[in-house]
Amino acid sequence: MKRTMTRLAAAFLAAVLSVTALGVTAFADVQPCKTCAKEGLTFTGFVATTEFQKVSETQCARVYQCNNDHKQLTYNTDGTYRDVSDHAATKNATCTEAAVCGNCGETFGAPLGHQVVTDQAVAATCTKTGLTEGKHCSRCAQVLTAQTEVPKLDHVFDSGKKTNPTCFKEGFTTYTCKVCGTQVITDKVKPMSHWYAEWQPAGQGQNSAPCKRTGCTYTKTTACADWDFKLVPADADKAERFTVCPVCGQLSDGGRLEMVEDVKTTPITAWTPEGDLLFRAGSLENGEKIICVSFEFDARLTQCYGNIKFTVPAELVEGSKVMLLDADGGETELEVESNGKTAAFTLNFNTIEDGHRTPVRMLHLVPVSE
Ligand SMILES: [Zn+2]
Ligand SMILES: [Zn+2]
Ligand SMILES: [Zn+2]
Ligand SMILES: [Zn+2]
Ligand SMILES: [Zn+2]
Ligand SMILES: [Zn+2]
């Protein structure tokens, strides 16, 4: 014990001498405490602590404590720090922060910096939005340059395809994008009304007709329109009553008036009414020839106005006077122009009987006696 004390004291003396004469760099391997020296305390030796102090960006050195509890770094004979070691990272460096040493508790080295990856631009199409070019870090995933959305492009539509309306479905035009095939339907047209073929008697005071539009299978059956007339037969002096349905031609005496084809109408003082012309001719059971003229739409008679010229095949009225028959049996002869092929006469739909207009004109063909 005593020997140890003596040796330490000798070392101390040597150290004090060194301080005065040579300065820090020339210290012997046992470096006395600078604080003890300054304060005139007796230095007996250093003990290694578990603390370290950063001495450079790569290294830290152990801290020693003297017998008077002063802490400092110690030096080797060549002036380098004793007990120097590389920093030991307990927290690795990141893109933006330097590593932290577990020994000295300091950061060391430089942050790693971001690993920049380019995010490719994405072109916009007419179905998808695009993106501008961006950048992000592949290590920390931080977005460095945000990608911004590029609006969708407009569709490039073709010139359109028309779908015609049917009796039940509306018509429309379909425009298709030449790029993506997106379809836009526009220009809608209401469904058409049925367009009936000739009305036929269906019994029990009804008539029916199929729709004649392609693809339509609808057949309408509806009540006949019954019109009463009186007519004085050629060889009689008393009027006889009869009823006709101008729509299907059904006569109350069991006969039927047939449609006459090739009849042309020309409006003279008014427009031709909507709907189809019903120009029916035939004979009553008593032999009298009659013609029933009206217009029909959806099985209903339509009222037309003004004067309409009818041009018919000449043989229909050949050899006859054309008499306009009123509901009470009165007859007025019509002027007929004939060129041998066709005959023409004018009917006035403006006449008012019993306070209202009627949509039906009844003609009586009276043979011309020679
Ligand atoms: Zn000290
Ligand atoms: Zn360290
Ligand atoms: Zn990063
Ligand atoms: Zn498109
Ligand atoms: Zn139809
Ligand atoms: Zn009918």
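Two residues are taken to be in contact if their C-beta atoms, placed from the backbone, lie within 7 Å. The structure is a predicted model, in which local features need pLDDT of at least 70 and side-chain atom pairs count only at pLDDT 80 or more, while totals for chains, interfaces and linings use all residues. Residues are numbered from 1 along each chain as its sequence is written, and chains are lettered from A and ligands numbered from 1 in the order in which they are written.

By the contact criterion, proline 233 touches Glu240, Asn286 and Glu288, residues up to four places away in sequence not being counted. Proline 233 lies in the loop that runs between strand S19 (227-231) and strand S20 (240-244); helices (H or I, at least four residues) and strands (E, at least two) are DSSP runs, numbered from the N terminus. A separation of 9.8 Å was computed between the C-alpha atoms of proline 233 and leucine 284, which are 51 residues apart along the chain. With 14 other C-beta atoms within 10 Å, proline 233 is partly exposed. A residue is classed as buried if 20 or more other C-beta atoms lie within 10 Å of its own, as exposed if 12 or fewer do, and as partly exposed in between, the C-beta atoms being placed from the backbone.

The protein chain contains three helices and 33 strands. Its radius of gyration, taken over C-alpha atoms, is compared with a globule rule of 2.2 Å times the number of residues to the power 0.38. The radius of gyration of the protein chain is 60 Å, well over the 21 Å that the rule gives for 370 residues, so the chain is more spread out than a compact globule. Along the principal axes, the C-alpha atoms fill a box of roughly 180 × 40 × 35 Å. Of the 370 residues, 18% count as buried.

A nonpolar core is defined as a set of buried Ala, Val, Leu, Ile, Met, Phe, Trp, Tyr and Cys residues joined through C-beta atoms within 7 Å. The largest such core has 37 residues, of which Val244, Val247, Cys292 and Leu363 touch the most other members. At least two residues of this core are supplied by each of S19, S20, strand S23 (276-283), strand S24 (289-297), strand S26 (307-313), strand S27 (320-325) and strand S33 (361-367). S24 provides the largest share, five residues. Leucine 363 is in contact with Ile290, Ile291, Val293, Val322, Met323, Leu324 and Leu325, neighbours within four places in sequence being left aside. Another core, of seven residues, lies apart and includes Ala61, Ala99, Cys104 and Phe108.

Strands are considered paired if DSSP finds at least two bridges between them. One open sheet comprises three strands in the order S5-S6-S7, with antiparallel pairing. Its edge strands, strand S5 (89-91) and strand S7 (107-108), each pair on one side only. S5 is joined to strand S6 (residues 99-101) by two bridges, and lysine 91 has valine 100 in S6 as its bridge partner. A further open sheet of three strands has the order S13-S14-S15 and is also antiparallel. Strand S13 (161-163) and strand S15 (183-189) stand at the edges with a single partner strand each, so one side of each is left without a neighbour in the sheet. S13 and strand S14 (residues 171-176) pair over three bridges, and threonine 163 stands opposite phenylalanine 172 in S14.

The predictor's confidence in each residue is expressed as pLDDT, from 0 to 100. The mean pLDDT of the protein chain is 88, and 90% of its residues reach 70 or more. Over residues 1-29, pLDDT stays under 50. Where pLDDT is low, the predicted coordinates should not be read in detail.
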